[in-house]
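This report looks at one helix and at contacts that involve aromatic rings. Please keep the sequence and the model open while reading.

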Amino acid sequence: MYAQMVKSTGEGVKTRDEMSPEEAAFQDRIDQDIKIEPKDWMPAGYRKTLIRQIGQHAHSEIVGQLPEGNWITRAPTLERKAILLAKVQDEAGHGLYLYAAAETLGVSRDELTEQLLDGRMKYSSIFNYPTLNWADMGAVGWLVDGAAIMNQVPLQRTSYGPYSRAMIRICKEESFHQRQGYDIMMKMAQGTAAQKAMAQDALNRLWYPSLMMFGPSDADSVHSAQSMSWKIKMDSNDELRQKFVDQTVPQAEYLGLTVPDENLKWNEEKGGYDFSQPDWEEFFDVLRGNGPCNVDRMEKRNKAWDEGAWVRDGLMAHAAKRAALKTAAE
Ligand code: BYC
């Protein structure tokens, strides 16, 4: 139902005949793979879609620090703690590159943050699920970062210059994140029976939420058609989900773990796996704020924002004083 509701708000893709000369020239540049830069003319819808997608992506990186940050103090060895700390710090960096990319479109980081905190902007559904034990750190790195890379590697070629350049660095770091997660899974899967059971349990709980990261099915995706014609998105939600399943199933087999899907089967004809879809009702319910951790995540972000107010105020006062001194000296 929610899918139908959001779908009805989607705008149709204009045909060439419906485009103004400016819009047609813009589409030509996109079709020729010429990057769009901040000072170039762009349709209002292109700017709006980018702000929504990049902003949502930035928020996901920042909120995504919470489920993993929760485990830094409980990592089993000093080495694992240092690796996890570095990964969580990387996510903060990703958020910052992405906020900076969004700022080139005329929206400030503070405005975006306020929209996240009052619920007007989304962040990835996956971060509304809890991380219950150490195996979840492995599964998050392997599956969640694995899904993130699957989505973000094509975005390195996205049409908006600052976004595509941010993606290049982010993807390099995500690749390390995915490897560290798989390494944790390997250790657990080859450990004691209890450790292997923890790894299997983490896979069982995080498999379907990871499939949801790619967004609703193509039939229910509101923005895909327009975003793909503007090359803001390079592949459809279902195409990326299929690639993710095809890449991840052999990795699970190598670990000796079982993907929790009775319908999972190699389909020779299509050259990929047949698999069960996630529970889309659950997905839309999480988007409405009813996931297991939505309330907690937003409380933590609001608290961090409120407690950081004195730092922002201090910086603004310092900047104002410097500006006043500069004016007085001129
Ligand atoms: N979660 O028309 P659709 C990461 C919303 S985390 C929440 O298909 P679109 C990482 C969608 O916004 C990964 N909402 O949308 C960080 C839309 O609602 P609105 C973050 C979702 O945008 C730390 C509605 O559903 N990656 O990297 O064309 C540690 C209809 O969907 C989700 C990105 O953000 C979802 N999963 O396609 C580890 C990548 N899916 O906005 C890892 C960039 C859909 O109209 N983003 N919705 O109210 C994208 O590629 C696209 O935005 C999506 C969705 C594929 C996610």
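At the start of α7, which backbone nitrogen does a side-chain oxygen of Asn133 reach? That oxygen comes to within 3.0 Å of the backbone nitrogen of Ala135.

**Basis of the values**

This is a predicted model, in which local features need pLDDT of at least 70 and side-chain atom pairs count only at pLDDT 80 or more, whereas totals for chains, interfaces and linings use all residues. Residues are numbered from 1 along each chain as its sequence is written, and side-chain values use heavy atoms, with hydrogens and water left out.

**Helix α7**

Helix α7 covers residues 134-155, where helices are DSSP runs (H or I, at least four residues) numbered from the N terminus. Its 22 residues should span 32 Å at 1.5 Å a residue, which agrees with the 31 Å between its end C-alpha atoms; the expected span is 1.5 Å times one less than the number of residues. Of the 22 residues, 20 are buried, so α7 is largely enclosed by the rest of the structure (buried means under 20% relative accessible area, with a 1.4 Å probe and protein chains only).

**Aromatic pairs**

The structure holds 9 aromatic pairs, counted when ring centres of Phe, Tyr and Trp (its six-membered ring) lie within 6.5 Å, with planes over 60 degrees apart called edge-to-face. The rings of Trp280 and Phe283 have centres 5.3 Å apart and planes at 90 degrees, so this pair is edge-to-face. Both Trp280 and Phe283 are buried.

Methods:
Phe/Tyr/Trp six-rings, centres within 6.5 Å; stacked < 30°, edge-to-face > 60°. Buried < 20%, exposed > 50% of the residue type's maximum accessible area, 1.4 Å probe, protein only. Helix = DSSP H or I, 4+ residues; strand = E, 2+ residues; numbered from the N terminus. Polar contact = N/O pair within 3.5 Å; in protein donor to acceptor, adjacent residues only side chain to side chain.
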